[in-house]
Amino acid sequence: MTQEYRVLLEHADKINPESAADYIQVGGYKGLEKARSMNPKDLTEEVKKSGLRGRGGAGFNAGMKWSFVPQYPETKYVVCNFDEGEPGTYKDRIICQKNAQALLEGMAICGHAIGSNNGYIYCRGEYPFVVEMLKKAIGNAKESGALGEFNIEVRMGAGAYVCGEETALIESIEGHRGEPRFKPPFPGVEGLWRMPTVVNNVETFACLPYIMTNGADWFAGIGAKSYPGTKVLTLTGDIENPTYFEVPTDYLLRDVIYELGGGVKGGKKLKAVQVGGTSGAFIPSQNLDTPIDFDSMGAIGAALGSGAVFVMDESRDIVDIINRIAKFFEHESCGQCTPCREGTFRCKEIMERINTGRGSLKDIENLKVLARIMQKASLCGLGQAAPIPITSTLEHFEYEYLRKLV
Amino acid sequence: MANYMDIIAGCKDKTGGIIEAYHAIQKEYNYIPEEALKEAAKAFKLSEAQAFGVATFYSYLSVKKRGKYIIRMCESAPCHVAGADEVLKAMEAYLGIKVGETTPDNKFTLELTECVGQCQATPVVTINSEPVFNVKPEMVPGILAGYK
Amino acid sequence: MDIKLTIDGKEIEVPQGTMLLEACRKAGADIPTFCYDPDLKLAGSCRMCVVQPKGWRNLVASCVTPAQNGMVIETESSDVVEARKVVLELMLARHKLTCHTCEKDGECNLQDYCYRYGVTESRFAGKVHNLFKDDSNPFIERDYDKCVMCTRCVRACEEITGARAINVMDRGHHAHIATAYDGSLEDSPCVFCGQCIMVCPVGALSSKIAAGQGKPAQNDKVMTTCTYCGTGCTFELNVKNDKIVGVTSNRDAEWSPVNKGALCVKGRFGWDFVNSPERLTTPLIKENGEFRPASWDEALDLAADKIKAVKEQYGPDSISMFSSARITNEENYLAQKLMRAAIGSNNVDHCARL
């Protein structure tokens, strides 16, 4: 099994993503129609049954997430997280540019399930052209009547990775600094403007029309049992085919690199691969025969995350790359909680020291302490995940650090 | 050039839409002038300190004057390994400025950015948010010459 | 509905919705905090109050985590202690360590917690900020090189005073407290109430008026009522060698029921006149165009005689009293009583009515 399996991207480049009519011609908006024929509870159950788990990185069961939304409040929100900020990730952009109507349909399906006609798409500030395209797609869908009463407004981020965290994203839509909230309360109960809110990733929403059209069982039967469906991956780094692919979730990491990816660039040997974006673990070549699904990745101490696959060949300097990643987190920490605000900065300092040959064993010890506390005591996922590249490379590539010490 | 009062008035109906207003202001001015920030604070019922806190939180917003073209060099890991540092050096040399600075003719501002989501063709530079792909140091003069 | 949980081996009951911090304190645990303030919205950001719920992967900030039925909490486990030490070290790494000359010396949370956990220096020492704000205002010293970014000042400014003069600017490690455009307080909506000083857990914010005259922790404190207006705010006069050297808040609602420690610029900063050599300390009687010192008895007798004389000659309605908002309600009550009962006039008015 080394072929792509395209569901979300089946009609990529064959239909105009702005056009509802194009989408309807290839079977679009049938899922919403079916969803609206069901009562919201059954709809949520159906999505739960499909096993669809969040494609943004946390891997939470989507139907379960919806079921936390209380019924009574009048105003609720469906929010699409399109802030994909994990370096090496552009799959949500691809999904929108190839199949935007599926996202809109998915949001409307969710809207029916939780009883909301208010949708927001929070798109990262790096994609103003996609924002324009989405606005047209929404206008077209509204005009065609496909969305019915369901409204969608697009809001644009402005260069803050942390806004991919759902409560920071909510703060940002509200026009505040993108600082994550403490939880509980979770957005399902108290989200946008303190009203119940479902926040799902672009890819999660875009799966919904297909689940509704083809049935939960069909979806549950694709790929890995505990994380069914397909996943759109983006390949970057030292790879022959630096592009995107949609694969079933039981696809092996080795095949991603050597079959679809065409192997390491220039026929070199692989040193490491980082999956899930810059907060992901570095995976050594001995772990390549792992399926990409959420739980299999977790079992080797890694994470599927956003589905970015960053390949590094044998010539790469791991410490230099980690130094770069440390700088990323120092730049992107919101600055609210102490472990992350100060920790990301000190990690960067220590990494700079080691990378320039001025580090000592003591520095490595201190890095480990810092990493442990950031993971255990930070307020949100950013601070908790920021040390993962450091800890995973200290585990698998410690010699690279040691040879750079004074 | 549109008046910032009109721009803000155009966004006023969006609840919490101060960031939208900032984007619209920057589209005209390339940064958020002080008077515009104060006006936006009023329109969205924030204190000036709060509006300033929002404007300084997001790296794509600027409260300092910038050039006509904002060049952003992506330095995230995939672009880094593809040679972003060399491209940046070439940019600095060609423009005669350092990161964060604006050319004396107010034409270019050079900034660093994290991933811009165009990783199929690294390293990536964006100029007023338009991505330029697979940039090599020797391509820099040619690329920038296209911006008048 | 009450829930049951175990804290450091002790079983306790608390109402549903109680935060772990309160539950832990109820169980006798001493939980250190920076950003927590009972009078302000929760922030959950300093991470000093972390505790360990049994079976949970991560530590939780007790100030923002609701207690759950059946929870088993450890408040000083080795993980908790390590986390608190690291948090302190991270704060120390950017902190200007000038405790010897710091106004907050002796009642500084950072100092106290470092003492408690034996943190003498930081393993993460490196680059430090230069965030001291040379602010020309006469009241509030802003030394952000001592700031721990708890944001209590920002919240107090908004939630207690309503001035919203300050906020966090920039982000990450560069984030710091600032007015709009990082200017001076005088150019901001700041009303110099000094609530920010009151809530600051470290020495980042302090009184310029009281600086160098005695560390508040070492001064005698005399609880009294502010005399500036009739609101009747409670505060503590800081006294050293029989001289007033400052004013600090008493935030205890039982002792300070009117203001819970909040003051205005006059109450907090307008006390230095007390020690002025130009201040009148005895009544003065004018004779032949010259003032001479007199005793209270003599002065009051003279005033009473004159009032009586006016009353006898022109009747009680020829006399009126205008009293001041600077005396208390009780004193104002006595003033009108004096007019109505002793003098027999209803001509009573008050400056606060203007």
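Predicted model: local features only at pLDDT ≥ 70, side-chain atom pairs only at ≥ 80, totals over all residues.
The contact between chain A and chain B takes 39 residues from chain A and 30 residues from chain B.

**Chain A: overall fold**

- Chain A holds 17 helices and 9 strands.
- Its radius of gyration is 21 Å, close to the 22 Å that the globule rule gives for 406 residues, so chain A is as compact as a globular protein of that length.
- The C-alpha trace of chain A spans about 70 × 45 × 35 Å along its principal axes.
- Of the 406 residues in chain A, 62% count as buried.
- Take the contacts in chain A with a separation of 6 or more: 73% of them join residues 24 or more positions apart.

**The largest nonpolar core**

- In soluble globular proteins, nonpolar side chains tend to be buried together.
- The largest nonpolar core here has 260 residues, and L103(A) and V273(A) touch the most other members.
- Helix α5 (residues 91–114) of chain A supplies the largest share of this core, 13 residues.
- Leaving out residues up to four places away in sequence, V273(A) touches L253(A), I257(A) and I283(A), and also V309(A), F310(A), V311(A) and M312(A).

**Where chain A meets chain B**

- On the chain A side, 39 residues take part, against 30 residues from chain B.
- Elements of chain A that give two or more residues to this side are β3 (151–156), α7 (166–173), β5 (230–237), β9 (308–313) and α12 (318–332).
- The largest share of the chain A side, 6 residues, comes from α12(A).
- By type, the chain A side divides into 15 nonpolar, 15 polar and 9 charged residues.

**Domains of chain A**

- Chain A is divided into domain 1 (20–220), domain 2 (230–313) and domain 3 (318–402).
- The C-alpha centres of domain 1 and domain 3 of chain A are separated by 33 Å.
- Between these two domains of chain A, 9 residues of domain 1 are in contact with 8 residues of domain 3.
- The domain 1 side of that contact in chain A divides into 6 nonpolar, 1 polar and 2 charged residues.

**Chain B: domains and confidence**

- The domain assignment gives chain B domain 1 (4–57) and domain 2 (69–145).
- The centres of these two domains of chain B, taken over C-alpha atoms, are separated by 28 Å.
- Chain B averages a pLDDT of 95, and 99% of its residues score at least 70.
- Among the elements of chain B, helix α4 (residues 48–57) has the highest mean pLDDT (98).
- Helix α1 (residues 4–11) of chain B has the lowest (93).

**Domains of chain C**

- Chain C is assigned domain 1 (2–76), domain 2 (122–275) and domain 3 (284–353).
- The C-alpha centres of domain 1 and domain 2 of chain C lie 29 Å apart.
- In chain C, 9 residues of domain 1 are in contact with 11 residues of domain 2.
- The domain 1 side of this contact in chain C divides into 5 nonpolar, 1 polar and 3 charged residues.

**V154(C)**

- V154(C) sits in helix α4 (residues 152–161) of chain C.
- V154(C) is buried because 24 other C-beta atoms lie within 10 Å, and the cut-off for buried is 20 or more.
- Not counting residues up to four places away in sequence, V154(C) touches I166(C), N167(C), V168(C) and I177(C).
- V154(C) and T101(C) are 53 residues apart in sequence, and their C-alpha atoms are 25 Å apart in space.

**K96(C)**

- K96(C) lies in the loop between α2 (78–92) and α3 (109–117) of chain C.
- With 18 other C-beta atoms within 10 Å, K96(C) is partly exposed.
- Setting aside residues up to four places away in sequence, K96(C) touches D143(C), D145(C) and K146(C).
- K96(C) and N69(C) are 27 residues apart along the chain, and 43 Å separates their C-alpha atoms.

How values were computed:
Residues numbered from 1 in each chain as written. Chains lettered and ligands numbered in written order. Helix = DSSP H or I, 4+ residues; strand = E, 2+ residues; numbered from the N terminus. Rg over C-alpha atoms; globule rule 2.2 N^0.38 Å. Buried ≥ 20, exposed ≤ 12 C-beta atoms within 10 Å, placed from the backbone. Contact = placed C-beta atoms within 7 Å. Core = buried A, V, L, I, M, F, W, Y, C linked by C-beta atoms within 7 Å. pLDDT = per-residue confidence, 0-100. Nonpolar A, V, L, I, M, F, W, Y, C, P; charged D, E, K, R; others polar. Domains from an automatic or database assignment.
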